[in-house]
Amino acid sequence: MINAVSRAYLRASTQAVPNGLKPAVLGAAQALQQVRLAHTDLQAPDFSPYRRDSVQTPARKNTTSEERKAFSYMLVGAGAVGGAYAAKGLVTAFVSSMSATADVLAMAKIEIKLADIPEGKSVTFKWRGKPLFIRHRTSGEISTERNVPTATLRDPEADDQRVIKPEWLVVIGVCTHLGCVPIANAGDFGGYYCPCHGSHYDASGRIRKGPAPLNLEVPSHSFPDEGTLVVG
């Protein structure tokens, strides 16, 4: 009796295990098969009718110069554009490095109040790193300098060519011989005298005696109003 029951139980157990596992394995295989076969009805578009004959075959190579023109032009054009941008950057950097600094730009112009300079006096200012002589000339000095014959001058220049207003003489205080700084209201002609090598200038800044070859330089200047002088 027991043996028969045992045999029946064991037989049922051996039959139950494969029956329970087989559907699970079949179910997973069916699921994988369904995933693999999903959306198989979609087709990739074919653009062959729109492509050129020379590019229909992906492995085909251009063997003639006519076929390689497009690539050559593209390569040369890209190189030219890159070279132009590089040259532009170099030129911009070079020009920027040569530009005047902020402190130099601040000294590019100087504004002077003329009321501070009495008649018959010469006042020295610093402009662009150089001495600047502003002379308030008297009527006698103006008359004397305008009566000087230009033919007798080493560097012929009339007085009215060197001044905008007759009573104001504006010159750079650098001797034209070797760059020394002359002394105002001195010399044989009552203008400027360079003690280094004995150059004498008159009250118009013109060389009259000594080794200096040229007159004192007259910088660019203007009179915005009656009491103001702007140099630069």
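Leaving aside its neighbours within four places in sequence, which residues is proline 182 in contact with?

What we have here is a predicted model, in which local features need pLDDT of at least 70 and side-chain atom pairs count only at pLDDT 80 or more, while totals for chains, interfaces and linings use all residues. Residues are numbered from 1 along each chain as its sequence is written, and side-chain values use heavy atoms, with hydrogens and water left out.

The protein chain has four helices and ten strands, where helices (H or I, at least four residues) and strands (E, at least two) are DSSP runs numbered from the N terminus. Read from the N terminus on, the elements follow the order α-α-α-β-β-β-α-β-β-β-β-β-β-β. Of the 232 residues, 24% are buried; buried means under 20% relative accessible area, exposed means over 50%, and partly exposed lies in between, with a 1.4 Å probe and protein chains only. The accessible surface comes to about 15,900 Å², and carbon and sulfur atoms hold 61% of that; such areas come from the Shrake-Rupley method with a 1.4 Å probe, and for residues only the protein chains shown count as cover.

Now to proline 182, which lies in the loop between strand S4 (168–172) and strand S5 (183–184). Is this proline buried or exposed? Proline 182 is buried, because its relative accessible area is 5%. As for the opening question, its contacts (heavy atoms within 4.5 Å) beyond the sequence neighbours are Phe133, Gly173, Val174, Cys175, Tyr192, Tyr193, Cys194 and Tyr201.

Proline 195 has a relative accessible area of 45%, so it counts as partly exposed. Not counting residues up to four places away in sequence, proline 195 touches Val181 and Ile183.

Two strands pair if DSSP finds at least two bridges between them, and two bridges do join S5 to strand S6 (residues 190–194), with isoleucine 183 standing opposite tyrosine 193 in S6.

Let me turn to strand S10 (residues 228–231), where both faces are covered: Thr228 and Val230 on one side, and Leu229 and Val231 on the other, are all buried. In general, the side chains of a regular strand alternate between the two faces of the sheet. Strand S1 (residues 110–113) is joined to S10 by four bridges and runs antiparallel to S10, and glutamate 111 has valine 230 as its bridge partner there. Strand S9 (residues 221–225) is also antiparallel to S10, with three bridges between them, and aspartate 225 stands opposite threonine 228. S9 and S10 form a hairpin with two residues between them.
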